Amino acid sequence: MTDGFLTAAQYMASHPTTLLFIVFGMMWGIIFGAMPGLTGVVGVALLIPFTFGFGPIEGLLLLGSVYVGSTFGGSISAILFNTPGSPEAACTGLDGYPMAKRGQAGKALGIALAASAVGGIFGTVVLMLAAPPLAKVALSFGPAEYFALAVLGITAIASIGTTSVTKALIAGILGLVIATVGIDPLTGGSRFTFGNDLLLSGIGFIPAIIGMFALSEVLVRFSERVPEGEAITKVSTALPKFREMMAMKGTLARSSVLGTIIGTLPGVGATTAAFMSYSEAVRWSRHPEKFGTGEPEGIAAPEAANNAAVGGSMVPLLALGIPGSAATAVMIGGLTIHGIVPGPMLLVQNKELVYSVFIGMFIANLLMIFFGLKASRHFAKILDAPYALIGPSIVVLCMTGVYALRNNVMDVVVMLVFGAFGFLLRKLDYPIAPLIIGLVLGPVAEISLRRALMLSSFDWSSVLMRPIAGTLLALSALSLIYGFYGQFQRQWRRRRAALEAA
C-alpha cells in the first residue's frame with residue numbers, strides 16, 4: 001500500500017495539472033449540485049466524453065472531484081431556498097432553511113460545509129486504508145440485512161420534527177403507501193395506478209422532493225405575503241467555531257461512520273445515508289422535538305453522512321467493479337473509455353491510478369472548505385433580489401430541471417401535485433420529513449423483505465434470526481419503544497407544568 005501511495009504522489013507532484021483537474025471538477029460539481037434537478041450524476045455524465053482526451057488518472061480525478069463537489073453543492077440551495085439541489089441534500093433543508101429564516105443562513109452554510117469536509121475526509125481515509133476488507137463486509141449484506149437497515153431508519157419517523165406522534169406516523173405511512181405506486185418490481189403487475197399508464201413508472205423521488213420542499217415553500221411564502229424586510233437578506237458564511245464543532249462531535253462521528261458503511265452497500269447511496277443519519281441524530285438527541293426548527297445537528301448529520309458515503313461508494317466500485325451509487329455507475333463509463341475494468345485486480349494492476357484517485361479525493365475535500373465558502377457567498381447574493389422575482393425563478397428552474405431528468409412531462413406533473421400536497425401538509429402542521437423518509441426507505445424495505453422471504457422459502461425465522469439482520473431489528477424495536485417513552489415523558493412534563501401554572 002505504501003508503494004502505491006508513493007508512486008501516485010510522485011506522479012501527481014510531477015504533473016501539477018492534476019490539481020487543476022481537481023479544482024475544476026469540484027467547482028463544476030458544486031454548481032451542478034446546487035442547481036435543482038441537475039444533480040452530480042448529470043455533472044459527471046456530461047464530462048465523461050471529455051475525459052477521453054486526457055489520461056485515465058486525470059479523467060478519474062476530474063470525475064471524482066465532481067462527485068465530491070456536487071454532494072456538498074446540493075446543501076447551498078437547500079439551506080438558502082429550501083430547494084434541495086440534489087436528493088442527498090433534501091434532509092439538510094429540514095433544519096438548514098428554518099435556521100436561515102432566523103437570519104443564520106451563513107452559520108447554517110458554515111455547518112454544512114464543515115460537516116461535509118469532516119464526513120468526506122473520513123470516508124476518503126477509510127477508502128484509502130480499508131477498501132478490500134470493507135468490500136467483503138458489504139458483500140455479507142443480503143436482502144434480510146437491507147430490510148433490517150431500512151426498518152431501523154423508518155422507526156425514527158415517530159420522533160422527527162413534530163410534537164405530535166400521530167401526525168408523524170400518518171405522514172410516514174403516506175410516504176410508504178406512495179412508494180408502492182407503479183409496477184411491482186418483482187411480479188411486474190401494476191399497483192395503485194388506477195388505469196393510468198403514466199403512473200406505471202411510479203412516483204419519481206426527485207420530482208416529489210423538489211415539489212414537497214421547493215414548490216411548497218414558494219406557495220407558503222406567497223400565501224403568507226412575507227414582507228421583504230423579514231426575508232433572508234444578509235448572509236455572511238463562516239465556518240463554525242471549534243467549540244460548536246465539539247458540541248456536535250458525537251453526531252459527526254456517528255454520521256461519518258454510518259455514511260461510510262451505507263456508502264459501501266451497492267445500490268443504496270448517499271441519499272439513504274443522509275436520511276438514516278438524520279433519523280439517528282433525532283433518535284440520540286436529548287431534544288428531538290427541536291429537529292425541524294433549525295437544529296445545527298440536523299444539518300451536520302446528513303451532510304457528514306452523504307459526503308462520507310462518497311468515499312464509501314467508491315469501495316465496491318474499485319474493489320469489486322460494482323457501483324455503490326448512481327454517480328459511480330456513471331463513472332464506470334469513464335473507466336471503460338480508457339479500457340480499464342474495475343474489480344479486485346484493479347488494486348493490483350493499476351496501483352498508480354487507484355491511489356491517485358484516493359489522494360485526489362482527499363485533496364478535493366480539503367479544497368472544498370475554501371471553494372465552498374466562496375461559492376456559498378456568491379449564491380447568497382441571489383437573496384438580495386426581491387422574492388417576487390426569486391419565487392417564480394425557482395419554480396421555472398425546478399420545472400426545467402425535473403423535466404430534463406427523463407424528458408417526461410409526468411415528472412413535472414408529479415412535482416406540481418406534490419408541491420400542492422406539501423403546501424397542504426404544512427398548513428395543517430404535518431411534518432414533511434417522515435413522508436420523505438417513508439418514500440425513500442419504503443421501497444428498500446419492501447423489495448428486500450420480499451427477496452429475503454423468497455430466498456428462505458417464506459421462512460420468517462430464517463430472515464429474522466440472521467445475526468446482522470436480527471441485531472438491527474432488535475435495535476429498531478428498542479429505539480421505537482424508547483422514542484414513544486420519550487414522547488410520553490415530554491407530554492407528562494407539559495401537563496404537569498400546566499397544572500402547576502394553574
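**Salt bridges and positive phi in a predicted model**

Modeller: This model is predicted. In it, the side chains of Arg450 and Glu446 form a salt bridge, with N and O 2.9 Å apart.

Colleague: Where do Arg450 and Glu446 lie, and how many residues apart are they?

Modeller: Both belong to helix H18. About one turn of the helix lies between them, a spacing of 4 residues.

Colleague: Which residues does the network of salt bridges with shared partners join?

Modeller: Arg450 and Glu446 are paired. Arg191 and Asp184 also meet in a salt bridge, at 3.6 Å from N to O. Shared partners join these residues into one network: Asp184, Arg191, Glu446 and Arg450.

Colleague: Are Arg191 and Asp184 buried or exposed?

Modeller: The cut-off for buried is under 20% relative accessible area. Arg450 has 23%, so Arg450 is partly exposed. Arg191 and Asp184 are both buried.

Colleague: How many residues apart are Lys107 and Glu244?

Modeller: Lys107 forms a salt bridge with Glu244, the closest N and O atoms being 3.6 Å apart. This pair links distant parts of the chain, with Lys107 in helix H5 and Glu244 in helix H9. The separation is 137 residues.

Colleague: What is the relative accessible area of Phe194, a residue with positive phi?

Modeller: Most residues other than glycine have a negative phi. Phe194 has phi near 55°. Its place is the loop between strand E2 and helix H8. Phe194 is exposed, at 75%.

Conventions:
Residues numbered from 1 in each chain as written. Predicted model: local features only at pLDDT ≥ 70, side-chain atom pairs only at ≥ 80, totals over all residues. Heavy atoms only, no water. Helix = DSSP H or I, 4+ residues; strand = E, 2+ residues; numbered from the N terminus. Buried < 20%, exposed > 50% of the residue type's maximum accessible area, 1.4 Å probe, protein only. Salt bridge = Lys/Arg side-chain N within 4 Å of Asp/Glu carboxyl O.
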